[in-house]
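The report below is meant for a reader who meets this structure for the first time.

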Amino acid sequence: MASLVQFLPLFPFFFLISFSVSHGPSLPKAIILPVNKDPSTSQYVTQLYMGANHLAPIKLVVNLGGSFLWADCGLTSDSSSQKLVPCNSLKCSMAKPNGCTNDNKICGLKSENPFTRLAATGELAEDMFAVEFIDELKTGSVASIHQFLFSCTSSTLLQGLARGAKGMLGLGNSRIALPSQLSDTFGFQRKFAICLSSSNGAIISGESPYLSLLSHDVSRSMLYTPLISFRDGVSEEYYINVKSLKINGKKLSLNTSLLTMDGEGHGGTKISTISPFTTMKTSIYKTFVESYERFGFSMGLTKVEPIAPFGLCFSTKVEGLNVPSIDLVLQSEMVKWRIYESNSMVKVSDEVMCLGFLDGGVNQKASIVIGGHQLEDNLLEFNLGTSMLGFTSSLAMVETSCSDFMFTKDSSVFDT
């Protein structure tokens, strides 16, 4: 059956398209969400629209490994199209509930704020959500998902989120995270990409029109590495297997067993939009910082008193300043994620720059957590169907950046 397409005015440059089925020639080729970095929290914020009668914008903090979208019930309950999902239903089982609420009638989901580590039991709900789409390599319209599943939870979880945020958008490898629901609705492959920056960037799901949205075809510079899973099944968070670390091409002397994920899910290298900077287990961090300091000294860098939260800082009053390069070596010596100065160093003042890696402590579950600063201006493509990660390293090497994503209008989520 052909898809039913209906055009309605939403706001300047945007239109609403409603689809009755998930197949047909008029379906979007890809979905694109604008992402902005909140300067006060270093969180990455995007915006969706919800509600059948009146599409209202809702700002959400991006959680790369989150299992689903959760939002403040006080905001979402105003939507007349919102429905709660019954317990013991097929949709409830897809969400992996942690019980039932409201006299065992409604599907319950544990929602968590990873910044405050507060958790609350929410109710699985469905409503119409709308997102911007790409068709024929153009942006400027939005497509609707009529029965989008999300958790309706307590406003207490909003504590610690960026100003104006009403919840969190999960992009994890789960049945009701955004990538899977977009795939089910529009027939996309189960893959998505993120391109973050210190200002604005994008989340893209569906086909990969990077050439039309960036000034260069960066797909040619992508390398690929497997996404790894826990022994007892697929992880909803995203882990890769870093086999060694190099500074200026020299491998660090590390106990490589620390980098490997064990049967309990400890170890491995996680990719996260929650941590603002990369963190390492203490034993790895100590070796890493000592080696970086030594190489920095050999390149003429002058160490200065560290500025919290950083453990190693240098003076910027050096003529012809250069810093050591960092490599995360993956499945072979030929496949490495190189971290250049723009991602390794943080300028904290006109006179001081610091190494943007932190001590995660002895009890950090993952050996390494690659944080937001190291992800910025790196295009990352998560293919959930093949369990592969594509990555570019710094886009500055091909003279572009994630803030170069071309939208048809100013897509800052902080304007509304």
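## Disulfides, sheets and a pocket

The link of cysteine 195 and cysteine 402 is left-handed, with -80° about the S-S bond. The pair connects distant parts of the chain, since cysteine 195 belongs to strand β13 (residues 191–195) while cysteine 402 lies in the segment after β30 (388–394), 207 residues apart. Both cysteine 195 and cysteine 402 are buried. The model described here is a predicted one, and the values that follow should be read with that in mind.

### The disulfides

How many disulfides does the structure hold? There are 5 of them, and when the bonded cysteines of the chain are numbered in sequence order, the pairing reads 1-6, 2-4, 3-5, 7-10, 8-9. Three of these links are set out in the table, each with the distance between its sulfur atoms.

| Cysteine | Partner | S to S distance |
|---|---|---|
| cysteine 73 | cysteine 152 | 2.1 Å |
| cysteine 87 | cysteine 100 | 1.5 Å |
| cysteine 195 | cysteine 402 | 2.0 Å |

A disulfide joins cysteine 73 to cysteine 152. Cysteine 73 is part of helix α1 (residues 73–76) and cysteine 152 is part of strand β11 (residues 138–153), so this pair ties together parts that are 79 residues apart in sequence. Cysteine 152 is buried, because its relative accessible area is 6%, and the cut-off for that label is under 20%.

A further disulfide joins cysteine 87 to cysteine 100. Here cysteine 87 sits in the loop between β7 (83–84) and α2 (90–94), whereas cysteine 100 is found in strand β8, 13 residues apart.

### The hairpin of β8 and β9

Strand β8 (residues 100–101) runs antiparallel to β9 and is joined to it by 2 bridges, and in β9 the bridge partner of cysteine 100 is cysteine 107. Between β8 and β9 the hairpin has 4 residues, and asparagine 102 in the turn has a positive phi of about 55°. Is strand β9 largely enclosed or largely open to the outside? Of the 8 residues of strand β9 (residues 106–113), 6 are buried, so this strand is largely enclosed by the rest of the structure.

Strands of a sheet pair through backbone hydrogen bonds, either in parallel or in antiparallel fashion. Strand β17 (residues 244–247) pairs with strand β23 (residues 326–329) over 4 bridges in the antiparallel sense, and serine 244 has valine 329 in β23 as its bridge partner.

Strand β22 (residues 313–315) and strand β26 (residues 352–355) are paired over 3 bridges in the antiparallel sense, and cysteine 313 stands opposite cysteine 354 in β26.

### The largest pocket

The largest pocket has a volume of about 1,500 Å³. Which residues lie closest to its centre? Of the 47 residues that line this pocket, Asn63, Glu112, Pro114, Glu237 and Lys270 are the closest to the centre. The elements that give two or more residues to the lining are β9, β12 (167–170) and β19 (269–271). Strand β9, described above as part of the hairpin with β8, provides the largest share of the lining, with 4 residues.

### A loop residue

Aspartate 217 has its place in the loop between α4 (210–213) and β15 (223–228). With a relative accessible area of 28%, aspartate 217 is partly exposed. Although aspartate 217 and valine 398 are 181 residues apart in sequence, the distance between them in space is 9.1 Å, C-alpha to C-alpha.

Definitions and conventions
Residues are numbered from 1 along each chain as its sequence is written. This is a predicted model: local features need pLDDT of at least 70, side-chain atom pairs count only at pLDDT 80 or more; totals for chains, interfaces and linings use all residues. Side-chain values use heavy atoms; hydrogens and water are left out. Buried means under 20% relative accessible area, exposed over 50%, partly exposed in between (1.4 Å probe, protein chains only). Two strands pair if DSSP finds at least two bridges between them. A disulfide is a pair of cysteine sulfur atoms within 2.5 Å. On a 1 Å grid over the protein atoms alone, a cavity is a set of points where a 1.4 Å probe fits but cannot get out, and a pocket is an open set with protein on both sides within 12 Å along at least five of seven lines; lining residues have an atom within 4 Å of a point. Grid points are joined across faces, edges and corners, and a volume is the space filled by probe spheres set on the points.
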